[in-house]
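Here is a short briefing on one protein model.

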Amino acid sequence: MSTKGRPVGDAAAELGTATQALANATALLSRALKQGLTEAGAEVSDQLATSLRAASREIADASSELGRMAGDQRRRAKADATRASLLAAARTVFAERGFEGASVGDIAAEAGYTKGALYSQFGSKEELFAEITRQLAAEDAAWSARQSDAELASAYAVTAPDPDARSMLLLSLEVTLYALRHPESREQLMPLLTQSWRSATDLVAGRRGRPGHPEPDDRDTALGLLAVHTLASALAALSDDPDEASAAADRLLRRLLAD
């Protein structure tokens, strides 16, 4: 009885079936022996004994497979947790030190792991950075989907700086700088880097009554939204008066979105 490739629930069900078969065979054999069967009955007893051994083997096989599958699940869960911790640590370190300034050892230490643990998940620092870029693109697409009914001037507004917003700004800028410094990466990264522009374009086109069919003017407006938001966010983080940058950004955003 093979359970390879099946869900744990299926293996557990088969183990239960085999266990029930064993119980039934045991009960029948016990009754046969108590009744003092004739030679013909002894033959039946032999058949029951054969069934008993077969059921025992099935239980052993199912138990072994169930244990292997459970072990695989535990290992996958542990590997997934390790990967998530390393990605979170890498985001922090890349934001603070930049790609060039961050070492694999720095990232592993931030996550509480060894460099070997990092290399077991990612082949190189570049591969790790590319995965973070994919994360950012996916997060931007998810954010855009949540803005379906939001006012765009408010959605792209520049708020008071906080540690999370600062870290995200630094990380986003670092991804752009990396692509500029490493031309060989652009083919891989450009579709991810332009996700924000695509998302903003779709939002603008939707507000103008042409969802899914943006026009060049929608792309122009979307680029303006992103440019204002990014530069004003940087100025707000650096300025002694962040409200000035926020207010200027709000005026520009509304001007861009005015029909």
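**Salt bridges and overall build**

The structure holds 10 salt bridges. This is a predicted model. The protein has 11 helices and zero strands. Of its 259 residues, 33% count as buried.

**Glu-96 and Arg-166**

- Glu-96 and Arg-166 join their side chains in a salt bridge, at 3.1 Å from N to O.
- This pair links distant parts of the chain, 70 residues apart. Glu-96 sits in helix α2 (residues 39-101), and Arg-166 sits in helix α7 (residues 163-181).
- Glu-96 has a relative accessible area of 47%, so Glu-96 is partly exposed.
- Arg-166 is partly exposed too, because its relative accessible area is 43%.

**Asp-106 and Arg-97**

- A salt bridge also brings together the side chains of Asp-106 and Arg-97, with an N to O distance of 2.8 Å.
- Asp-106 is partly exposed, with a relative accessible area of 25%.
- Arg-97 is partly exposed, at a relative accessible area of 47%.

**Glu-151 and Arg-254**

- Glu-151 forms a salt bridge with Arg-254. The closest N and O atoms of the pair are 2.7 Å apart.
- Why does this pair tie together parts that are 103 residues apart in sequence? Glu-151 lies in the loop between α5 (125-146) and α6 (152-155), whereas Arg-254 lies in helix α11.
- Glu-151 is partly exposed, with a relative accessible area of 43%.
- Arg-254 counts as partly exposed, at 37% relative accessibility.

- Which residues do salt bridges with shared partners join into one network? They are Arg-208, Arg-210, Asp-217 and Asp-218.
- Side chains of opposite charge can pair when their charged atoms come close.

**Negative patch on the surface**

- Asp-240, Asp-241, Asp-243 and Glu-244 gather on the surface as a patch of negative charge.
- Glu-244, one of the four residues in this patch, lies in helix α11 (residues 242-257).
- Is Glu-244 buried or exposed? Glu-244 is exposed, because its relative accessible area is 55% and the cut-off for exposed is over 50%.

**A buried glutamine**

- Gln-195 is found in helix α9, which covers residues 195-207.
- Gln-195 has 15% relative accessibility, so Gln-195 counts as buried. The cut-off for buried is under 20%.
- Which residues is Gln-195 in contact with, leaving aside neighbours within four places in sequence? The contacts are Ala-137, Asp-140 and Ala-141.

**Fold and surface totals**

- From the N terminus on, the elements run α-α-α-α-α-α-α-α-α-α-α.
- Take the contacts in the protein with a separation of 6 or more: residues 24 or more positions apart account for 66% of them.
- The accessible surface of the protein comes to about 15000 Å². Carbon and sulfur atoms hold 55% of that surface.

Terms used:
Residues numbered from 1 in each chain as written. Predicted model: local features only at pLDDT ≥ 70, side-chain atom pairs only at ≥ 80, totals over all residues. Heavy atoms only, no water. Patch = residues over 30% accessible without salt bridge, like charges linked within 9 Å, V, L, I, M, F, W, Y side chains within 5 Å. Areas by Shrake-Rupley, 256 points an atom, 1.4 Å probe, with all protein chains shown as cover. Lys, Arg positive; Asp, Glu negative; His and termini not counted. Charge placed at Lys NZ, Arg CZ, Asp CG, Glu CD. Helix = DSSP H or I, 4+ residues; strand = E, 2+ residues; numbered from the N terminus. Buried < 20%, exposed > 50% of the residue type's maximum accessible area, 1.4 Å probe, protein only. Contact = heavy atoms within 4.5 Å.
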